[in-house]
Amino acid sequence: MKMYRSFAAALVALLMLVTVAVAEERLKMSTTTSTQDSGLLKVLLPPFEKRNDVKVDVIAVGTGQALKLGEAGDVDVVFVHARKLEDKFVADGFGVNRKDVMYNDFVIIGPKNDPAGIAKAKTAAEALKLIAAKEASFISRGDKSGTHTKELDLWKSGGIEPKGNWYVEAGQGMGPVITMATERRAYTLTDRGTYNAFKGAKTDLVILFQGEKGLFNPYGIMAVNPKKFPHVKYDLAMKLIDYITGPEGLKIIADYKAHGEPVFFIYKK
């Protein structure tokens, strides 16, 4: 009898788990590696998931790849940071209802001894010129991400085509690139959020150039167009967008810190 009751209890528990699994919806979101590597999504998504009985499947890649997933209709939501590419994504009919979420900035990090002397540079383009002139090691994302796009713009504005053994295109996300730059005692361009999450325990590289207006780094979120892809979960996607850009989501973003420092900033209304 005891054995029967134990079996019955186990069967009921299994059925409950199956029911929960079936009931839980899945929402696919492509996003940049910085939102994941910074640790933000671990605190931002759970309240939404719990309230709506949904699991947000995060695909963290470079912004270019994140947008391509949206262009293929393989995700429901896109959350990235490359405004020109985002505007084109919407203009081409792939995305709808884009909203500003937050911002931080790009910084150039490198070894504390600063072998190329970029700390004295007055502009980011000048800093990169000094790195190129010295042929100091530089690790590029090389992945068509928002950060990579910004880096290429900076080289172009300085009239430089980076090439040579000193310039390494990693084809990796921001976290692995910071790790690689740390190991190779190299420079790299990073968003401040990922750097703040990595500094100390994961990297001893320091910020050597920052504060230029052109290094502003805004993030936007948008739904994939249901008229182009009828299978996407548009209503649920909009619930997520409204949550992230609403008072609760924005407060979580504003309050989130790494090593005691803010990672992202929200727009003042």
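# Notebook: pockets, strands and a core

**Entry 1, the largest pocket.** I started with the largest pocket, whose volume is about 310 Å³. My terms here: on a 1 Å grid over the protein atoms alone, a pocket is an open set of points where a 1.4 Å probe fits, with protein on both sides within 12 Å along at least five of seven lines. Lining residues have an atom within 4 Å of a point. Grid points are joined across faces, edges and corners, and a volume is the space filled by probe spheres set on the points.

Before going on, I noted that this is a predicted model, where local features need pLDDT of at least 70 and side-chain atom pairs count only at pLDDT 80 or more, while totals for chains, interfaces and linings use all residues. Residues are numbered from 1 along each chain as its sequence is written, and side-chain values use heavy atoms, with hydrogens and water left out.

Which residues lie nearest the centre of the largest pocket? I found Ala82, Arg83, Lys84, Lys150 and Asp153, out of 15 lining residues. I sorted the lining by class and got five nonpolar, five polar and five charged. Nonpolar means Ala, Val, Leu, Ile, Met, Phe, Trp, Tyr, Cys and Pro; charged means Asp, Glu, Lys and Arg; the others, Gly among them, are polar.

Next I checked the elements: α5 (83-91), α7 (146-157) and β9 each supply at least two lining residues. α7 gives the most, with four. Helices (H or I, at least four residues) and strands (E, at least two) are DSSP runs, numbered from the N terminus.

I picked out Lys84, which sits in helix α5. Is it buried or exposed? Lys84 counts as exposed because its relative accessibility is 72%. The cut-offs are under 20% relative accessible area for buried, over 50% for exposed, and partly exposed in between (1.4 Å probe, protein chains only). I also looked from Lys84 to Met222: they are 138 residues apart along the chain, and their C-alpha atoms are separated by 14 Å.

**Entry 3, the second largest pocket.** This one has a volume of about 260 Å³. Its lining includes Gly64, Gln65, Leu85, Lys88 and Lys144. By class I noted three nonpolar, three polar and five charged residues.

I moved on to β3 (residues 77-80). Val77 and Phe79 point one way from the strand, Val78 and Val80 point the other way, and all are buried. I kept the general rule beside this: side chains in a regular strand alternate between the two faces of the sheet.

What does β3 pair with? Strands pair if DSSP finds at least two bridges between them. Three bridges join β3 to β1 (residues 25-32), and these two run parallel; Thr31 stands opposite Phe79. Four bridges join β3 to β9 (residues 216-224), this time antiparallel, with Met222 as the bridge partner of Val78.

The largest nonpolar core has 29 residues, and Met29, Val77, Phe79, Met102, Leu240, Ile244 and Ile253 touch the most other members. α10 (234-244) is among the elements that each supply at least two residues of this core, as are β1, β3 and β9. The largest share, seven residues, comes from α10. A nonpolar core here is a set of buried Ala, Val, Leu, Ile, Met, Phe, Trp, Tyr and Cys residues joined through side-chain atoms within 4.5 Å.

Most residues other than glycine have a negative phi, so I looked up two exceptions. Asn97 has a positive phi of about 60°. Asn97 lies in strand β4 and counts as partly exposed because its relative accessibility is 35%. For Glu135, phi is near 50°. Glu135 is in the loop between α6 (124-134) and β5 (138-140), and is exposed, with a relative accessible area of 54%.

Last, I stepped back: the chain has 11 helices and 11 strands. Of its 269 residues, 49% count as buried. The C-alpha trace spans about 80 × 50 × 35 Å along its principal axes.
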